[in-house]
Amino acid sequence: MLVLLTLCLGIAFTGCSKETETVTETVTQVEKVNQYTVDPNSLYSRLGGSESIAAVVDQFIANVVADNRINGDFAATVSNEYRTKAFRNNLVDQVCAGSGGPCYYKGKSMAEAHVGQNVTEADFNALVEDLVAALDQFNVPAKEKNDLLAILAPMKNDIVGK
Amino acid sequence: MKVLKLSVLILLLAFLGLMIYANVRPYNPSEKLPAVSMSQFTLTPITDTVQFDRVTKSIDKLSGVNAVSLKMGSNTAAVMYCPDKTSPNEVMKLLSDDGRIKVSENDLLQCGKRGCPVMGPMARIDDMIASLNFRK
């Protein structure tokens, strides 16, 4: 029985790392599995689905880490592989869910996460600049960019000055 | 011996239950994204456009690099990469442009103590369940 248990655990954990190439298939499968019909006119669809959102989020995080105005606030997070992945995945889920995609955000609320962080308006604006730079790098059209920023803008009150 | 058998049986049943749950619950596409690491570098600011293009393109082409942030005139660069496929040393080699640029990797822990704390309290458990999800 112990052998069986060990074998099960072994099989389970070999599935941890997947190649990027399988992501496209994964997204379609997830949409089926989650029984969530994505509106083809939703921002999620217009942005190109989860794979495109993940690419923009990766670039956004890289921009933030290279941005000397605010990277000190993220250094501890991205110094750790597990926390980097969790942070990236939470951002992907948040944008995916907020734009009408088949995802659910599992992280803390913005208000809860930023208590005691003393984030200033200048910090927030620098972060938005880094996001806009990432969107521009992927040639996201102005309408989609503005729609996404409009979804994220209300979060400012939960992040700044807490 | 009976207690041991019973304990193993309970553990096995709990594991099987968790595995079934992991494979029937709705899940996020991000669960299937590969693990990533970040590295930050301090470098001699690049002011030459040709050199900037050459360095950016060479890093972009490197297998396993998800994102590069390198700006003209900036002394800081950041790279997100898949640790299974490449390493900070390989990125640093390309950033140095055959020794023309002085580059050093920063210790991120020394750069700041604060961290964006969005991870929920169930993050580790969610991750364990996600690792049992065999659906593509």
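How many of the 6 residues of strand 2 of chain B are buried? In this predicted model, the count is 6 of 6, so strand 2 of chain B is largely enclosed by the rest of the structure.

Strand 2 of chain B is joined to strand 3 of chain B by 5 bridges, in the antiparallel sense. Within this pairing, Ala67(B) has Met80(B) in strand 3 of chain B as its bridge partner. The hairpin formed by strand 2 and strand 3 of chain B has 5 residues between the strands, and Gly73(B) in this hairpin adopts a positive phi near 80°.

Strand 3 of chain B also runs antiparallel to strand 1 of chain B, and 6 bridges join the two. Here, Gln40(B) is found opposite Ala78(B) in strand 3 of chain B. On strand 1 (residues 37-43) of chain B there is a further antiparallel pairing, with strand 4 of chain B, over 3 bridges. Opposite Phe41(B) stands Glu105(B), a residue of strand 4 of chain B. Of the 7 residues of strand 1 of chain B, 5 are buried, so this strand is largely enclosed by the rest of the structure.

Chain A has a secondary structure of 10 helices and 0 strands. Of the 162 residues in chain A, 36% are buried. Among the contacts in chain A between residues at least 6 apart in sequence, 73% join residues at least 24 apart.

Helix 4 of chain A comprises 18 residues, and the distance from its first C-alpha to its last is 26 Å, close to the 26 Å expected at 1.5 Å a residue. This helix is mostly covered, with 15 of its 18 residues buried.

The largest nonpolar core contains 50 residues. The residues with the most contacts inside this core are Ile53(A), Val57(A), Ala62(A) and Val65(A) from chain A, together with Ile59(B), Val79(B) and Met80(B) from chain B. Helix 4 (residues 49-66) of chain A gives the most to the core, contributing 10 residues.

Contacts between the two chains are illustrated by Ala62(A). When its neighbours within four places in sequence are set aside, Ala62(A) is in contact with Ala67(B), Val68(B), Ser69(B), Ala78(B), Val79(B) and Met80(B). Among these residues, Ala67(B) and Met80(B) are bridge partners in the sheet of chain B, and Ala78(B) stands opposite Gln40(B).

Methods:
Residues are numbered from 1 along each chain as its sequence is written. Chains are lettered from A and ligands numbered from 1 in the order in which they are written. This is a predicted model: local features need pLDDT of at least 70, side-chain atom pairs count only at pLDDT 80 or more; totals for chains, interfaces and linings use all residues. Two strands pair if DSSP finds at least two bridges between them. Helices (H or I, at least four residues) and strands (E, at least two) are DSSP runs, numbered from the N terminus. A nonpolar core is a set of buried Ala, Val, Leu, Ile, Met, Phe, Trp, Tyr and Cys residues joined through C-beta atoms within 7 Å. A residue is buried if 20 or more other C-beta atoms lie within 10 Å of its own, exposed if 12 or fewer, and partly exposed in between; C-beta atoms are placed from the backbone. Two residues are in contact if their C-beta atoms, placed from the backbone, lie within 7 Å. The expected span of a helix is 1.5 Å times one less than its number of residues.
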